[in-house]
Amino acid sequence: EPTHTGGWPYHVAMLGAAIILAVAFIWVEVRHPQPIMELRHLRQPLFVMSVGANGIMHMTMLASTFLLPFLVERGLGLLPVYTAGMLIIMTLANVGAAPFSGWLFDRTGWRWLPSAAMAVISGGLVLLGLNAGVLEYWGFLAISLLLGLGLGFFMTPNNTVIMGALPATSRGFASGMLETSRQLGHSLGVSASSAVLGLVVTISLPKMGERAAYLLGFQQATIAAGLVAFVGMILAIASSRAAPAQEELALVAGPEFSS
């Protein structure tokens, strides 16, 4: 029966069919005079690097929010309300920083803002992973605040760069790739972080007990997410070096992107 209980032959066959169809779609698109997707834009370094950094940011941040309940409730033995406090702090920081970062980017055109924000995210995740076993709760709140600020200061200017990197007639493609990188990052973030956490817990549980095993699993998975975020920072730096001046970006993107 072709359901989740169908076993590995069904799932492997469906994955193989998906890969074959994806390759066939790309083969047709790059040769068609009027393609559905303008894949030629993927040769634009500024656009590709900014989209890649966006995907990595969403991957690492969703990984961290997915892992937090395992840390707080399984690793530290605290009530779920403590998880909620950390997530609320992170969300409020993101919501508060996003409009300000957009205003700052519009006024200054500072190209290094996304890469600086990714550095904050990477550093925050590594700091959290290294110190999760010794932090007081206020320390977790402080790092959650730091991660939320990094997210807010990255997303708005980087989205602006993505939308302005292509001509106005290709904004639909830019918007679609922006959303694709976001959803792909979410999927990879949850699957990769859960795989690392599950592997570490499975190996460590018989030796150290549930609480210590989950704490170690959280630490390993969060440090791995921080290292992935470091790759996103490198992409953001490369994107900032390739970015045109604010005036050139406005000419490409259209008058509504000008200050």
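This is a predicted model: local features need pLDDT of at least 70, side-chain atom pairs count only at pLDDT 80 or more; totals for chains, interfaces and linings use all residues.
A helix axis is a line fitted to the C-alpha atoms of the stretch in contact, and the angle between two axes is taken between their N-to-C directions, on a scale from 0 to 180 degrees.

The overall plan comes before the pairs. The protein has eight helices and zero strands. Read from the N terminus, the order of elements is therefore simple to write down: α-α-α-α-α-α-α-α. Along the principal axes, the C-alpha atoms occupy a box of roughly 60 × 50 × 25 Å.

Begin with α4 and α5. Their axes lie 8 Å apart, and the helices pack at an angle of about 155 degrees. Angles over 145 degrees count as roughly antiparallel, and α4 and α5 are therefore roughly antiparallel to each other. In passing α5, α4 makes a left-handed crossing. On the α4 side, the residues in contact are Leu-113, Pro-114, Ala-117, Met-118, Val-120, Ile-121, Gly-124, Leu-125, Leu-127 and Leu-128. On the α5 side they are Phe-140, Ile-143, Leu-146, Leu-147, Gly-150, Leu-151, Phe-153, Phe-154, Pro-157 and Asn-158. Sorted by class, the contact of α4 with α5 holds 17 nonpolar residues, three polar and no charged.

Helix α4 also meets α7. Here α4 covers residues 113-131 and α7 covers residues 210-242; their axes come within 8 Å and cross at roughly 165 degrees. The two helices, α4 and α7, are therefore roughly antiparallel. The crossing of α4 past α7 is left-handed. In the contact of α4 with α7 there are 16 nonpolar residues, eight polar and no charged.

Helix α7 has a further partner in α2. The axes of α2 and α7 come within 8 Å, with a crossing angle of roughly 165 degrees. This makes α2 roughly antiparallel to α7. The crossing of α2 and α7 is left-handed.

The next topic is the space left between atoms. Rolling a probe the size of a water molecule over the atoms shows where empty space is left. The largest pocket has a volume of about 200 Å³. Which helices each supply at least two residues of its lining? They are α2 (45-75), α3 (80-108) and α5 (137-164). Of the helices, α2 gives the most to the lining, with five residues.

The lining of the largest pocket consists of Met-57, His-58, Met-61, Leu-62, Thr-65, Leu-87, Met-90, Thr-91, Asn-94, Leu-151, Met-155 and His-186. By class, these lining residues are seven nonpolar, five polar and no charged. Leu-151 links two parts of this account: Leu-151 is one of the α5 residues in contact with α4, and Leu-151 is also among the residues lining the largest pocket.

Conventions: Residues are numbered from 1 along each chain as its sequence is written. Side-chain values use heavy atoms; hydrogens and water are left out. On a 1 Å grid over the protein atoms alone, a cavity is a set of points where a 1.4 Å probe fits but cannot get out, and a pocket is an open set with protein on both sides within 12 Å along at least five of seven lines; lining residues have an atom within 4 Å of a point. Grid points are joined across faces, edges and corners, and a volume is the space filled by probe spheres set on the points. Helices (H or I, at least four residues) and strands (E, at least two) are DSSP runs, numbered from the N terminus. Ala, Val, Leu, Ile, Met, Phe, Trp, Tyr, Cys and Pro count as nonpolar, Asp, Glu, Lys and Arg as charged, and the others, Gly among them, as polar. Angles under 35 degrees count as roughly parallel, over 145 as roughly antiparallel, 65 to 115 as roughly perpendicular and the rest as oblique. A crossing is left-handed if the near helix is turned anticlockwise from the far one by less than a right angle, and right-handed if clockwise. Contact means heavy atoms within 4.5 Å.
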